Amino acid sequence: MNTSFQRLPSLSASFPAHNEEDNVEAMLESLLESLPQLAERFEIIVVDDGSRDRTYERASAFAERDPRIRVIRHDVNRGYGAAVWTGLAAGTMDHAFFTDGDRQFEISQLADLIPLIEDYDVVVGYRQNRQDNFVRIANAHAWNWLIRTLLHVPVRDVDCAFKLFRRDVLRDLHIASGGAMFSAELLARLVARGARIVEVPVRHLPRERGTSSGGNPRVIARAFRELFALYGELRA
Ligand SMILES: Nc1nc2c(ncn2[C@@H]2O[C@H](COP(=O)(O)OP(=O)(O)O)[C@@H](O)[C@H]2O)c(=O)[nH]1
Ligand SMILES: [Mg+2]
């Protein structure tokens, strides 16, 4: 019996992948290794966001070997938030988890989030030892402050890509931000509907393969456009 969840009854785990051909198979392997200990039933959803490399082909070939894995493809690159949302929305299980597809998190640490999802609707990680350069970390401090101040999102690491939800708290949500503002908008809308949110520390690993795009000026500019749009909407 699952009185205190050690293993979830059912879990959808998803990740976005944009040009992650050198990570996608190892990502799937680590999910397949950890999830059986974490959930009685699970499904894995890969969202290929218009990659120009062989991410989709590699993910699809891997998925053919295991019916629990599904690959969804955006024909064109729509952005981080759009891809995460596609993955969350496609899930059918009672709990939903998403992370990044670049292997900067340890899937086995989901074990630290699971016991809390009984008493909370959302369990979010925060990176204890963030493996990014000084500029990225300074920008993230400013961004987190802005999001806490403008949107009243009560977490210290808004963008940490290690989040677990009860499925019902996501029902009928509408998220407009398709870019990096996605996590802030998602949390702001969950706060607005009274969701109970708790934070858990998680380890962050350096990116070994592929390239990071989270600090690109275009990504940042889009996040600000989306922030102002949401702020305007919430104030109106
Ligand atoms: N959907 C989508 N995902 C992206 C995009 N850029 C990066 N990602 C994915 O989002 C995750 C985090 O991206 P990354 O560039 O490492 O951002 P960082 O960790 O903030 O530097 C990875 O799984 C990427 O494959 C994008 O334009 N669209
Ligand atoms: Mg990354």
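A polar contact is a pair of N or O atoms within 3.5 Å; within protein, one must be able to donate a hydrogen and the other to accept it, and residues adjacent in sequence count only if both atoms are side-chain atoms. Keep that handy for the first stop.

Before you click: this is a predicted model, where local features need pLDDT of at least 70 and side-chain atom pairs count only at pLDDT 80 or more, while totals for chains, interfaces and linings use all residues. Residues are numbered from 1 along each chain as its sequence is written, chains are lettered from A and ligands numbered from 1 in the order in which they are written, and side-chain values use heavy atoms, with hydrogens and water left out.

**Stop 1: Ser 60.** Select Ser 60 in helix α2, residues 55–63 (helices are DSSP runs of H or I, at least four residues, and strands are runs of E, at least two, numbered from the N terminus). A polar atom of its side chain lies 2.8 Å from the backbone oxygen of Tyr 56. Ser 60 has a relative accessible area of 18%, so it counts as buried (under 20%; exposed is over 50%, partly exposed in between, with a 1.4 Å probe and protein chains only).

**Stop 2: charges over rings.** Now try Arg 65: its charged end sits over the ring of Phe 62, 4.5 Å from the centre.

**Stop 3: aromatic pairs.** How many aromatic pairs does a search of the whole structure find? It finds 7. Rings of Phe, Tyr and Trp (its six-membered ring) pair if their centres lie within 6.5 Å; planes under 30 degrees apart are stacked, over 60 edge-to-face, the rest tilted. Show Phe 98 and Phe 165: with centres 6.2 Å apart and planes at 15°, they are stacked. Phe 98 is in strand β4 (residues 95–99) and Phe 165 in strand β6 (residues 162–166), 67 residues apart. Both are buried.

Next, pick Trp 143 and Phe 224, an edge-to-face pair with 5.3 Å between centres and 75° between planes.

**Stop 4: the metal.** Finish at the magnesium ion (ligand 2), coordinated by Asp 102 (OD) and Gln 104 (OE1) at 2.0 to 2.1 Å. Donors are N, O and S atoms within 2.8 Å of the metal (3.2 Å for Na, K and Ca); water is not among the atoms, so sites may look incomplete.

Key
Lys NZ or Arg CZ within 6 Å of the ring centre and 35° of its normal.
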